[in-house]
Amino acid sequence: MPVFNEKKTIREIIAKVLAVPIEKELVIVDDASTDGTREILKEYEDKEGIRVYYHEKNKGKSGAIKTGIPHTTGEIISIQDGDLETDPNDFILLTDPIKKGEASVVYGSRYLQPKEESLYFAYKFGARFLSVVVNILYCQNITDEATCYKVFRSDILKQIPLEYDRFEFCPEVTAKVSKMGYKIKELPMHYYPRSFEEGKKMNWRDGLKALWVLIKFRFVN
Ligand SMILES: Nc1nc2c(ncn2[C@@H]2O[C@H](COP(=O)(O)OP(=O)(O)OP(=O)(O)O)[C@@H](O)[C@H]2O)c(=O)[nH]1
Ligand SMILES: [Mg+2]
């Protein structure tokens, strides 16, 4: 769980993750939060099943994920954001194909659920457009490249050298698992989008950067 300034939601999302009836550990990386999140996380340091790590300087979502990955011990790794946009109960469905050996990489898609929701048109358009780019450049068949529910067999994720630090985790990991030859399986996930007022921080520049990263890794190793 990469976390940056999520004091309003951090307690609730941790409780929700812990309540999911599957065997798990929660590795939290605080990305040098300045809003009091860090102080809240201190309370969780000794709690069973949770480990907390802290960045001294803010790096970005990918940077926090990179710090967390080597500290995981399970057979499956999923990213979980520190906000309340997702429902951790979806992990039951999303981990199932990996447990059964039917897939190695599973993405939750916000666009495969019957009640599709996205607060801002530009985000939806951007996510769909980036998915089409992935499908063309990397021969995948996905609808939601930017989803935060990306679930991996952990040996695969641990092999991937991640270069970027900010929001490039999604395009970089998608490009790299594709180049390793893995077919991404998509399943529906719940999604409760938050607004900028509620703390959303991504913007159109992150979308352009994602496009650039997808094109770059198609042609460069
Ligand atoms: N914006 C931002 N988020 C960070 C950073 N470091 C870690 N994060 C965490 O990364 C996650 C995603 O950030 P969000 O701002 O929710 O981004 P989003 O627009 O919902 O995009 P998604 O990645 O699709 O969830 C959250 O859990 C953040 O707390 C950082 O430096 N900036
Ligand atoms: Mg979010």
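**A guided tour of the predicted model**

Begin by selecting β1, β2 and β3, three strands that form an open sheet in that order with parallel pairing, where two strands count as paired if DSSP finds at least two bridges between them. Helices (H or I, at least four residues) and strands (E, at least two) are DSSP runs, numbered from the N terminus. β1 and β3 (50-54) stand at the edges, each with a single partner strand, so one side of each is left without a neighbour in the sheet.

Before going further, note that this is a predicted model, in which local features need pLDDT of at least 70, side-chain atom pairs count only at pLDDT 80 or more, and totals for chains, interfaces and linings use all residues. Residues are numbered from 1 along each chain as its sequence is written, while chains are lettered from A and ligands numbered from 1 in the order in which they are written.

**Stop 1: between β1 and β2**

Zoom in on β1 and β2, which pair in the parallel sense over two bridges; select valine 3 and you will find that its bridge partner in β2 is aspartate 30. Next, move to asparagine 5, which sits in the loop between β1 and α1 (10-19) and has a positive phi of about 50 degrees although it is not a glycine. Is asparagine 5 buried, partly exposed or exposed? A residue is buried if 20 or more other C-beta atoms lie within 10 Å of its own, exposed if 12 or fewer, and partly exposed in between, with C-beta atoms placed from the backbone. With 19 C-beta neighbours inside 10 Å, asparagine 5 counts as partly exposed.

**Stop 2**

Now select ligand 1, which is surrounded by 18 residues, the closest being Phe4, Asp31, Asp81, Lys201 and Met202; a residue is taken as near the ligand if its C-beta atom, placed from the backbone, lies within 6 Å of it. Colour this shell by residue type, and it divides into seven nonpolar, three polar and eight charged residues. Here Ala, Val, Leu, Ile, Met, Phe, Trp, Tyr, Cys and Pro count as nonpolar, Asp, Glu, Lys and Arg as charged, and the others, Gly among them, as polar.

β1 (2-3) and α3 (61-68) each supply at least two residues of the shell, and α3 deserves a selection of its own. Six of the eight residues of α3 are buried, so this helix is largely enclosed by the rest of the structure; the buried ones are Lys61, Ser62, Gly63, Ala64, Ile65 and Lys66. These residues pack against β1, β2 (26-30) and α7, where two residues are in contact if their C-beta atoms, placed from the backbone, lie within 7 Å.

**Stop 3: the four-stranded sheet**

Select β4, β6, β5 and β7, which in that order make an open sheet with mixed pairing. β4 (76-78) and β7 (184-188) stand at the edges, each with a single partner strand, so one side of each is left without a neighbour in the sheet.

Look closely at β5 (residues 105-109), which pairs with β7 in the parallel sense over five bridges and is joined to β6 by three bridges, the two running antiparallel.

**Stop 4: the nonpolar core**

The largest nonpolar core has 46 residues, and those with the most contacts inside it are Ile28, Val106, Val151 and Leu214; such a core is a set of buried Ala, Val, Leu, Ile, Met, Phe, Trp, Tyr and Cys residues joined through C-beta atoms within 7 Å. The largest share of this core, five residues, comes from helix α7 (residues 169-179). Select isoleucine 28 and, not counting residues up to four places away in sequence, you will see that it touches Met1, Val3, Leu41, Ile50 and Val52.

**Stop 5: two exposed places**

Finish with cysteine 139, in the loop between α5 (121-138) and β6, which has a positive phi of about 55 degrees although it is not a glycine and is exposed, with 10 other C-beta atoms within 10 Å. Then go to phenylalanine 219 in helix α8 (residues 204-219), which is exposed, with 7 other C-beta atoms within 10 Å.
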